[in-house]
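Dear colleague,

My notes on it follow directly after.

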Amino acid sequence: MRFIVIAIFVMLATSQEFVEFYSAFSNADVGQLDGWTIQGSLSKAQADNFFTCSDATVFGGPKVFGKGAIVTRQFQLPPHFQIKISVEVWKFDAWDTQRQFFYLDNYLWETMWTGSDGTKRCATPAGGNVNSFQVDQTITHNHAALFIAFASSADKAADKMSWGFRNLKLSYLACPTECGTCLGPDAIVCQMWVPVSSSWIKNVEADGWNVKGSSNVIKTSTCAGIPIVGGPGNFGNNVSIQKIFDKLVPHYRIKVIAQFWKIDNWDNDNAVLYIDNQEKWKQNVAQVEDKEFFICDKITPGGVDGTEKIINVNFESPHNYGAALVKWTATTKKSSKQASWGIRQFQLYVAQCSSNCATCTGPSAEDCTACVSPYILLDPEDGNGSGCILKGDWVEFTSEFQGSSWTPNPDWKVSDGKNGPDFTSTCGEFKFFGGYEKTGKDAKISRKFNLPAHKRIRIAFEAWKIDNWNGEDYIVKVDGLSVWQRTFGFGDPGLADICGGDGFENYAIVDFVMGHEASTLDLVISTTIGKNNENASFALKGFKLFYEKPDACATLYTECNYTGKSFNMCEDLPNFQLAKYPSKIKSIQVPAGAKVILFDEMDYNGKTIEYTENQKCIEEYQYKFLQKNQQSYVLTANN
């Protein structure tokens with residue numbers, strides 16, 4: 001007996017502990033079979049899935065797992081970078097260099113058994129030897145789901161040649177909590193990645209993807225109990241699938257994580273990924289690939305009995321456009337019944353620029369090359385720091401939902417919520433307004449603010465998605481106008497499954513500035529969570545509202561005592577007439593600390609009169625003085 005391991009290992013020096021997320025098959029409890037797909041079993045009775053040899057209970061064995069048997073399951077996982085498996089593998093009776101193996105996604109472990117391996121440890125139908133040994137392996141892995149398959153190349157029925165396993169344990173090393181994806185424990189190198197979209201983590205639906213070529217409909221298949229987009233009979237020669245991802249946050253790199261399945265008989269063909277119509281990733285699959293096994297059933301009629309290869313894709317590239325076109329295809333020339341392909345576990349990320357940065361070359365404020373309006377870019381050589389700042393005289397109007405000891409202002413309202421009137425919730429160590437079993441489909445969070453005089457407002461908070469969203473939107477409206485929107489998909493990577501039901505939590509930073517002068521502001525927060533989606537909710541945390549003080553404006557009137565027609569002067573006016581303001585000025589209100597200067601020639605020339613306080617009624621001699629060149633009334637405000 002010998003065993004072979006095919007994988008790339010990265011052993012990291014870290015004191016971080018593995019988190020066990022699955023443990024089963026230490027006994028014969030049939031409840032452990034939930035979630036597993038068993039194909040090719042000799043017996044259909046659930047109790048026969050367990051075999052006792054001496055004092056050991058084995059999942060499989062002489063009653064079930066022989067030629068053609070395959071056992072599979074998939075798991076959803078929070079962000080992580082390593083997977084550890086611990087399992088005992090068993091063989092029963094007369095093997096003749098056949099192999100027993102298991103897949104963890106694209107990682108393959110296998111061993112070759114012979115009839116002489118082991119001893120007669122217990123009675124078996126064929127009376128042969130029994131052998132087992134412990135397997136402990138750690139692999140690099142950062143996909144949102146894990147596919148595991150146990151199978152063999154046994155060429156006889158289970159009562160002649162069989163296999164099984166027991167004491168299966170799976171665990172992972174988690175990413176830093178700041179990261180939605182990572183390759184190691186250092187948050188510095190992963191916290192810039194933000195999720196854009198994910199598809200086919202658990203469900204396989206079109207999800208906005210389009211297919212081109214010999215097929216024009218997104219089709220799915222099941223391979224050993226695992227759902228795949230495409231697959232046998234669906235995606236073959238001359239087929240590609242693509243999707244446009246728009247409204248990307250400012251970024252400098254793009255990352256694709258996915259799983260590509262090569263199915264049946266390829267002939268030195270390529271799996272290919274395009275981004276913005278440029279080939280970015282390609283992997284060749286030879287006509288005869290070493291270490292491939294049969295996973296998918298042959299399609300009938302007309303199918304072939306070929307082997308499968310699972311390819312984990314982890315690709316990143318420079319990218320800074322506001323949208324990205326992602327396309328998958330293969331160069332196979334055969335029909336989809338003879339050589340096909342499929343996709344699972346698609347995730348798209350971008351490496352975002354620093355806060356309020358529009359273009360950048362890296363994640364830090366020093367890497368910013370331009371800012372989003374109305375922010376301006378600081379010049380580090382001036383000694384005032386770097387990054388983007390917001391100019392103006394800003395005042396914090398309110399700060400709410402900070403920390404965990406707050407009580408919500410009663411002016412916050414929830415419509416179509418659940419389990420009120422208290423609409424606060426907890427999520428791990430966080431406290432939310434809204435959230436699980438509080439604000440889901442059809443719910444809206446709103447508040448009306450009465451503001452002092454202002455010219456712009458800024459709103460900032462954390463927009464939280466809870467549990468399983470299916471490409472639905474989180475929407476923020478101000479005075480009926482949609483001002484911020486973010487799409488969350490099922491399986492979006494997030495901090496972890498820290499609250500709610502079955503699904504991961506994630507959030508996005510809302511931070512926008514808009515022109516606004518009305519004395520009231522109506523804020524409405526809602527989502528497009530579908531009518532049939534009961535397992536999704538939303539919340540907010542860390543809300544702040546700022547306003548920018550208005551400019552110091554002088555008010556000019558055509559009559560004394562601040563009557564008649566009036567207009568505000570908030571900035572310099574080089575030509576009174578061209579501004580279409582009245583030529584006769586009889587009274588002026590001057591704001592505190594400001595100064596109004598009147599010129600008798602355009603472009604700030606000629607004689608002047610200055611006012612630093614209100615003028616209730618301008619005297620006749622002043623008025624005549626100003627009339628010397630009434631076609632050239634000019635005005636400036638000097639604050």
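The paragraphs below set out what was found, beginning with the chain as a whole and then turning to individual sites.

Please note that this is a predicted model. The mean pLDDT of the chain is 86, and 89% of its residues reach 70 or more. Residues 1-14 have a pLDDT below 50, and this stretch has 41 contacts in the model beyond near neighbours in sequence. The pLDDT is also below 50 over residues 621-639, a stretch with 62 such contacts.

Of the 639 residues in the chain, 53% are buried. Among contacts with a separation of 6 or more, 73% are between residues 24 or more positions apart. The accessible surface is about 28,300 Å², and carbon and sulfur atoms account for 46% of that area.

Most peptide bonds are trans, and most residues other than glycine have a negative phi. The following sites depart from this pattern.

The loop between β29 (413-415) and β30 (424-427) contains Pro421, and the peptide bond from Gly420 to Pro421 is cis, with omega near 5°. Asp416 is found in the loop between β29 and β30 as well; its phi is positive, near 55°. Asp416 counts as exposed because its relative accessibility is 57%, where the cut-off is over 50%.

A cis peptide bond also joins Ser373 and Pro374, with omega about 10°. Pro374 lies in the loop between β25 (368-371) and β26 (375-377).

Finally, Tyr562 has a positive phi near 60°. Tyr562 belongs to the loop between β39 (554-559) and β40 (563-569) and is partly exposed, at 26% relative accessible area.

With kind regards

Definitions and conventions:
Residues are numbered from 1 along each chain as its sequence is written. This is a predicted model: local features need pLDDT of at least 70, side-chain atom pairs count only at pLDDT 80 or more; totals for chains, interfaces and linings use all residues. Side-chain values use heavy atoms; hydrogens and water are left out. pLDDT is the predictor's confidence in each residue, from 0 to 100. Contact means heavy atoms within 4.5 Å. Buried means under 20% relative accessible area, exposed over 50%, partly exposed in between (1.4 Å probe, protein chains only). Accessible areas come from the Shrake-Rupley method with a 1.4 Å probe; for residues, only the protein chains shown count as cover. Helices (H or I, at least four residues) and strands (E, at least two) are DSSP runs, numbered from the N terminus.
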